[in-house]
Amino acid sequence: MPSATARATSTSSAPSLAVTHSETSGGGQPVPSPAARTPLLETTLGPWGVPGPSTAAAVSSSPLPSLHSPAEEATTAPLSLLGVGATGVAAAGQTATESATDTTSPASIGYQNMGQAASTSPPAFQTSPGAPAWKKKTAISTGSTTATAAGSTMASTTGSTTATTAGHSTATTATPAGSKPATSLYPFGVEAGDQEYVQRMVEFNSPLFKPEIGFPFGKSLRDVLYFTDNGQIIFPPTDNYVPTNPNPPPRGFTGRESLPMVAAFWDDADFSKGVGTTWYQVRATRGLLAESTKIEKYLKIPYVAKWTLKVTWEKAPAYPSQRDDTQTSTYQAVLSTDGSRSFALLLYQDGGMRWDYSRLAAANVLIGFSSGNGYAQNNELTKEPPAVKYRPDQHSNVRGLWIYRLDSRSRVNYRLQCLAWLDMEPAPATWNSQLPPCPCSRPQAELDPRYCWSTGAKDSPQDQLQGGGMVLSCSGGGCGSLLEGWQERAWNTELEAFDWCCRRVGKPLFCARFAEKRPRVDCEGYVPPTPAGAFGDPHITTLDGLTYTFNGLGDFVLLLASDARTSFVLHGRTAQTGMAHATNFVAFAAQYISKTTTTVEWTLGSQDDIHVLLNNETIQFSYSQDLGEEVYYSPGVLLVNSSSVTAVLDGSVAVSVSATSGILSLVCSLPDWYRNSTSGLLGVWDHDPADDFQMPNGTSIPVNSSEEEIYSYGMTCNLFTQPLDSPALNFTPFFLSRLRQENESQYELVASQCHGSKECIFDSLSTGNLALGLATQSLTTNFQQRKTALNAFPPIITGDASITAFRTQKVTRQYRALGEGARFIPHVSPELNISENGTLIWEPRRTAPFTINLEAVGSNNVSALLQLRFTLCRCSRSQDCDYSNTVTLGESSLQVLAACRCESGYSGALCQTPPDPCSQGCFPGVGCDPSSGCGPCPAGLTGDGEHCCGSACGYHSCPEGYCSNGGRCHLHPITCAPTCSCPPAFTDQRCLVAGGDFQPLPSLPRRSIQMRIRTLQNATAEEVNSTVCHWRGGLRAGHTLAHWQHEAAAAPPAPLSFPCRTDSDGFTFVVVSEFAYDSRGTIIRFLNEELPAAITGAFNGRRRRREAGCCCFPSPVTVDELRDYFPCSLYGYKGYQLRYMGTIGFICISPCKMGFCQHGGQCQHLPEGPMCSCLPFSIYSPAGPRCEWLAVSLAAFLGILLGALALLCLLFAMACLALRLCRQHRRHRG
């Protein structure tokens, strides 16, 4: 049954600040409402409570009508269906319409609206000279009219009128903060359903949050986000790159930050001393929430949140913190999206923002956001003095409340549409118990009347087949074979859902969710429909394949069929064929009874047209662009008008009626569950034609009976609905034997023209019309060909359709095709080969999308397809591959991993980036060394270079030589204890014990090239040299290959040799340039394999007065040859082993990380090499340099010995006791 969707309408009373908002691109031209004078009452629902000064009152509902109409009573079949219809009563769904009223008290309110490109933003406000900085606002309140658009900051005061457009704000009156209402935080903590998350360390991140619908931010739909202790909510590019940076940029966001983020109160916080905590709550909802109400109230747009993250930083202390710190800050960030738009609500506790900004080393707190792709907004307080920007709770129109719109454009979110459809759909077990399997081939699908071809969803590359409770996909325009199928619940309403979930989203996980609601099906168990037919001057073929001629006149029962839940009746009406002593069908009627009763009637028109009645009412066909034919659909029945008019009843019974030469012909197909339960002129369906001439009394006549006997049998199926004086009661047809006797020569002539077809001969002789006979022959032949094609099955392909590969690994799969003469269709390409015997070899070299299906064809020329799914892992190591999280490339057969599981501090999409001590950012003004991390804090400050603060340590200093091996010493700002920041190789507190991985610092060879440059006009060698130097400085590995996911800069080349002119015209020069290798695998491959093409393409792409060609390249250095240039003796620690790891390159790894110590021994890497500390376990005591020897410890041996002796003593004592008791027993008996 098709689902019906009701549209809910929401209305609101006139608010005090009405703004009409355009949704075209994240904002629009505002239109103020002249009637906006009604007080506004903020409404909320849910456990978050009511923020702000308003009172809560709301009604929210989302009514949906039932997906099924109530079942109708089954009507009793009339004596004849011809001219009599069963009338069904349709249940009408009810759609509820809601109105929501939103009002508020006449207090001044305000918000900071949508973001704007930071690079082009004009000043957010202006004031007259000398005005206090903290009063610079644009304000609104009772009696004001305000309009806003994307990128604006809005506020007002009593009696003011303000209009703002994108990127501009105008201040009319500066109002002291004390006259503005203060917002309240949303309730937080355990009572509010929040989860606490805190780590007692200087820096920590929250778990990852992954909204199913995604989160629109700027131009992108983000998948992952997390918050930090420093007041940030960050949207990382991958799950593996989750840095935290305690130091905001002094000049704010530019819109081009590498990490998209929302900064609620970004500055260096410190929860390590036990003060403060963080709370969070995630809500995926369809209802009205408090944040929805605030957004609707202040932005004047309808909004219902679908996913929300609330984060509360409670009593967050500034770095460095103390155990009794009371100068803390409490604030919230609420990120909310409805799937297409997104907002950030930033709330600051009134009086709760108490950081002592005078003691901060860098008072650069930042509030705002950056999408990383050019869309950003810095809060207007950013440029104010610390006394203002560290007290956001005392500013804005509603003090402490700021609202940002985070998406730069509205979008269609196919994830949301898919999930909404999934939420509404019931479990398949409630409706799919009677659905048949798929057809196995396209010919079967084309000829099975339960299915119709569809063009599929818009822009779909595949045609699709619908009907019988399922949808089938097939490949290409020709669609010679069927690919896959899934069950459907309603006709022609689910292709769009498939398009959303399986094509538009591009994430296989969503398609897997779709498959949970619409299970995948194949053709296992498929039984082609068994057709029966009636053609010409009726020639009838029964369900068991018996063919006979019956020329009765009247209304006849063609078929009666029933099972425990359904029944089907088919009647036919005949009329005399002109003046001939023969008849033909002129009307049919079918009635199907299940939960409802459906009656369809076909009547022959005067122009060989067919009039159709459905439930006794005339229907109007309409052209379906999707199916390419005229159709009419009603619950339980599909009517298709093409060369014939076909009715598919409940997706199982099909009746097709066509008209030719004033005669109706019929083909009827039944599902297999009616076998052994049919009667009528179409026979007893039991695969035995011998009983097809069974009369209503249960007796049968032989199948070789005479025409007269068959006529008598057929008349027993007459409904006798004609009056007693009807000519039909006195009609007697001519039989073929009589027609032959009357004119033998004519019989022979017609027989030769009909090629021996008895049906053609009879119709030609009885009507005197050879064309009619040939038309009957054509129908009969076509009917038999259809039966043959329906029973022709393709080969069966066995083998796993999912193929995975790691990087350039060669993968081989063997498939089998079962069936007579079955063979595979070969396929040859640079990366993929399929042989005729089913051997598939895949050797991935790149990530360009491709589509390939395994095809096998049998001796009957019917083919089968197996849809292959290729998954490629490009992670640096095979153990990093997460095959459960993939992305489909361009609707192709290829999937790649969405992320890798990185270990040991590696990051990046492919885990290709080694641990980077600079990734967390350094204190402003502090440089960073890639090997050792942040440098020392600026003069007068102390810290590790990442965290710096004013020192309370006076003249204390680090002891000389406190940190070894290049470690940097700094004093803790509170305790003044020395602390070391060690290089990556060292694992202890004073940089003495090694064991960590590190990249060697080699003395590398260089890759030289010789390039011939021809200028387009005369030039000097100096001009050529400066031009090449400028170009070469920007050359980067990866710019020319889209499949490299990162940019690895080629190491700075050596100085160029001076260009040498090779001709006398000043136009041609030869330049030699050198490029240095480094340890990264991407650079090695780039310099070895891709450098010449990159140079030529990049240089010529920028040419104006020159063109270049590479002419001489010495042999590249291989990876094995490079090993000698990468010593692992950087710190003088012996035993490190060099490993080459794909995109990472050369890494020095300690044996301690490779199981050097056995039997649980603890490994320490000291200067002389790895050393093992053997620890006893169980009864063993390991020994040896690597704890490789096991011995039973003395204590364990003595314990075992004493235990054995104690056991023996116990046994001896028990034996003695038993002996004594036995003796005593004997004495008593004696």
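Which residues in α5 meet Phe 510, Cys 511 and Phe 514 in α6? Ala 497, Phe 498, Cys 501 and Cys 502 do. Contact here means heavy atoms within 4.5 Å.

## The model and its overall build

This is a predicted model, in which local features need pLDDT of at least 70 and side-chain atom pairs count only at pLDDT 80 or more, while totals for chains, interfaces and linings use all residues. Residues are numbered from 1 along each chain as its sequence is written, and side-chain values use heavy atoms, with hydrogens and water left out.

The chain has 15 helices and 72 strands. Both are DSSP runs numbered from the N terminus: helices are H or I with at least four residues, strands are E with at least two. Of the 1230 residues, 50% count as buried. Buried means under 20% relative accessible area, exposed means over 50%, and partly exposed lies in between (1.4 Å probe, protein chains only). The chain exposes about 54500 Å². Carbon and sulfur atoms supply 53% of that area. Accessible areas come from the Shrake-Rupley method with a 1.4 Å probe; for residues, only the protein chains shown count as cover. Among contacts with a separation of 6 or more, 62% come from residues 24 or more positions apart.

## Helices α5 and α6

Helix α5 spans residues 495-504 and helix α6 spans residues 508-517. They pack at an angle of about 145 degrees, with axes 7 Å apart. Axes are lines fitted to C-alpha atoms, for helices over the stretch in contact, and angles run from 0 to 180 degrees between N-to-C directions. The contact of α5 with α6 has seven nonpolar, no polar and no charged residues. Nonpolar covers Ala, Val, Leu, Ile, Met, Phe, Trp, Tyr, Cys and Pro; charged covers Asp, Glu, Lys and Arg; the others, Gly among them, are polar.

Cys 502 and Cys 511 also form a disulfide, with sulfur atoms 2.1 Å apart. A disulfide is a pair of cysteine sulfur atoms within 2.5 Å. The link is right-handed, with 95 degrees about the S-S bond. Cys 511 is buried, at a relative accessible area of 16%.

## Other disulfides

By the same cut-off, the count comes to 14 disulfides. One of them joins Cys 873 and Cys 881, with sulfur atoms 2.0 Å apart. Its torsion about the S-S bond is about -85 degrees, so the disulfide is left-handed. Cys 873 and Cys 881 are both buried.

Another joins Cys 963 to Cys 980, S to S 1.9 Å. Here the torsion is about -95 degrees, so this disulfide is left-handed. Cys 963 lies in the loop between β57 (948-950) and β58 (968-971), and Cys 980 in strand β59 (residues 978-981), so the pair ties together parts that are 17 residues apart in sequence. Both Cys 963 and Cys 980 are buried.

Is strand β39 enclosed or exposed? Eight of the eight residues of β39 (residues 663-670) are buried, so the strand is largely enclosed by the rest of the structure. Ile 663, Ser 665, Val 667 and Ser 669 point one way. Leu 664, Leu 666, Cys 668 and Leu 670 point the other way. In a regular strand the side chains alternate between the two faces of the sheet.

Strand β25 (residues 530-535) pairs with β39 in the antiparallel sense over five bridges. Two strands pair if DSSP finds at least two bridges between them. Thr 530 stands opposite Leu 670. Strand β38 (residues 653-660) also pairs with β39 in the antiparallel sense, over seven bridges. There, Ser 665 is the bridge partner of Ser 658. The hairpin of β38 and β39 has two residues between the strands, and Ser 661 takes a positive phi near 55 degrees.

## Two open sheets

Seven strands form an open antiparallel sheet in the order β33-β32-β31-β30-β29-β28-β40. At the edges stand β33 (617-618) and β40 (678-679), each with a single partner strand, so one side of each is left without a neighbour in the sheet. Two bridges join β32 (residues 610-614) to β33. Leu 613 stands opposite Thr 618 in β33.

Three strands form another open antiparallel sheet, in the order β45-β49-β50. Strand β49 (residues 853-857) pairs with β50 over five bridges. Asn 853 stands opposite Gln 867 in β50.
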